[in-house]
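Hi,

Here is the structure I promised to pass on.

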Amino acid sequence: MARVLITVPRTARPGEVVEIRTLIQHPMETGYRPGASGELLPRGIVRRFVCTWNGEEVFRAELFPAVAANPFLSFTAVATESGTLAFTWAGDNGFAQTETRTITVAP
Amino acid sequence: MTAPQRRRLLVAAAATALAVGVAAAGERRSGSDDMAPETRAMQRDDTANPGMLWVQEGEALWDRPAGRAGTACSGCHGAAAASMRGVAARHPAYDAASGRPVDLAGRINQYREARQGAEPFAPESQELLALTTFVAHQSRGMPIATSDDPRLAPFRERGRRLFEERRGQLDLSCAQCHEDNAGRRLAGSVIPQGHPTGYPLYRLEWQDLGSLQRRLRGCMAGVRSEPYTYGAAEYIDLELFLMSRADGMPIETPAVRP
Amino acid sequence: MPSRREVLGAGAGLAAVVTVRPARATPERLEAAIREFAGEAAAEIRAGRVRIEVPPLVENGNAVPVTVNVESPMTATDFVRAIALFNERNPQPNVVTARLGPRAGRARIATRIRLATSQKLVALAEMSGGSVRSDSAEVVVTLAACVEG
């Protein structure tokens, strides 16, 4: 389980645009870096990130090796109703991880 | 006072001033003062500072039972925010058992062996880095306050000599860059004064979090000298000197550096 | 009458400040990646409404903070469908491609990227109506002084 830092407000007003920041521990090995023996280390990156709000997709990103190690992603979403935000990272070597956070949306 | 006595006194005073160097000469600058604004912003923002991932890991390890005793750090020390506050600011500290200074990571491993009955963590291992970062983080914002225990004096002095000793194929000493030329540029980067205010830290160059020893090894490789092995006494003595030189500067762990 | 040294000195100062360079021919791969993203709209990409925020001078290319902001009401009928970031001189032209919609609220993404050397960044935004807008930015990348192997 990779360490994750997710920043989501605990509460929001309906219709408010909230900022979501995510950071996951992952080397994002590019496939262009030589190892100690001089051979290129094989690529191993996070390739997809999806955020859903009560199951509905609000943001998706395709990542390439040019994204820095321990990838940081910040985006926004409209607060519609209270519930669960789910964050899924997936990538090379079967890497897959989902984290959830709850949010209360009230006037 | 005779003329020769006065001359000796003046020379001694000048030598002391030179030896204290950057600390007395004027403004001391942490590496964060020399960084680009974006990198400073990355360090300041706990939601974006990659070092916080290791703090989180360390927090989990703090509560994890280990070893024959089956106790966690929290079992004896309780909440780290209270019990570990100020600890990093006082290390390296004198260790009576070994008769030498010990750094924070070494202290953690000592307790792991002695109190938890567990294998010490390997140097620069993820667990040791995470725990050290978590513990040091509890001192963030506090001024460095190395102990004035007189038994530390010979080791601090040895650290100072290591700092001033030329080494490697490039025949450079730490002091020549980080004392004599601090603030000037080398290959586009500002040479920092080299105060260990934020270790363990996330270095953009490493794309990873590492200890002061890792950084020292990098410098030694940079001047084409053979680095000492991890845990070597030389690193501890050097760290003791560097921390003393940085006395009063606030701890920034986990720092971010280019 | 300024001395040659004074004129050269002033020129060097100017060079350090000016970061927008005249458009140069983009390498083929960057062009191809842009075409692939823009599809039918590739021939009509126009600058504007997109803004790349990136420091003009970076002290380490391993983690460069970048933000791409696109002006858009983000309503059900007028929104940004996708934002794509490209580079000119890394081994691969793509950096990140984000898919959004009205649920995003704002067309703004921020991340940290790797830059192998000083180069140009290009950001494209595909609008719900089908058009594609763009922005570009030049970044100068310096390296750490003592590079470890």
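How many residue pairs are in polar contact between chain A and chain C? The count is 17 residue pairs, both residues at pLDDT 80 or more; a polar contact here is a pair of N or O atoms within 3.5 Å, where within protein one must be able to donate a hydrogen and the other to accept it, and residues adjacent in sequence count only if both atoms are side-chain atoms.

On the chain A side that touches chain C, β3 (17-24), β5 and β6 (72-78) each supply at least two residues. The largest share, eight residues, comes from β5(A). By type, that side divides into 21 nonpolar, five polar and five charged residues (Ala, Val, Leu, Ile, Met, Phe, Trp, Tyr, Cys and Pro count as nonpolar, Asp, Glu, Lys and Arg as charged, and the others, Gly among them, as polar).

Before going further, some housekeeping. This is a predicted model: local features need pLDDT of at least 70, side-chain atom pairs count only at pLDDT 80 or more, and totals for chains, interfaces and linings use all residues. Residues are numbered from 1 along each chain as its sequence is written, chains are lettered from A and ligands numbered from 1 in the order in which they are written, and side-chain values use heavy atoms, with hydrogens and water left out.

Back to the interface: 31 residues of chain A are in contact with 25 of chain C (heavy atoms within 4.5 Å). The two chains bury about 2,300 Å² between them, 51% of it on carbon and sulfur atoms; that is the accessible area (1.4 Å probe) lost on being put together, summed over both. There is one salt bridge between them (a side-chain nitrogen of Lys or Arg within 4 Å of a carboxyl oxygen of Asp or Glu). E56(A) forms it with R103(C), with the closest N and O atoms 3.2 Å apart.

Now for β6(C), residues 94-99 (strands are DSSP runs of E, at least two residues, numbered from the N terminus). Five of its six residues are buried, meaning under 20% relative accessible area with a 1.4 Å probe, protein chains only. β5(A), residues 56-63, pairs with β6(C) in the antiparallel sense over four bridges (pairing needs at least two DSSP bridges). L63(A) stands opposite V96(C), and E62(A) has T97(C) as its bridge partner. Within chain C, five bridges join β5 (residues 80-87) to β6(C), also antiparallel, with I83(C) opposite A98(C). Those two strands form a hairpin with six residues between them.

Cheers

Conventions. Buried < 20%, exposed > 50% of the residue type's maximum accessible area, 1.4 Å probe, protein only.
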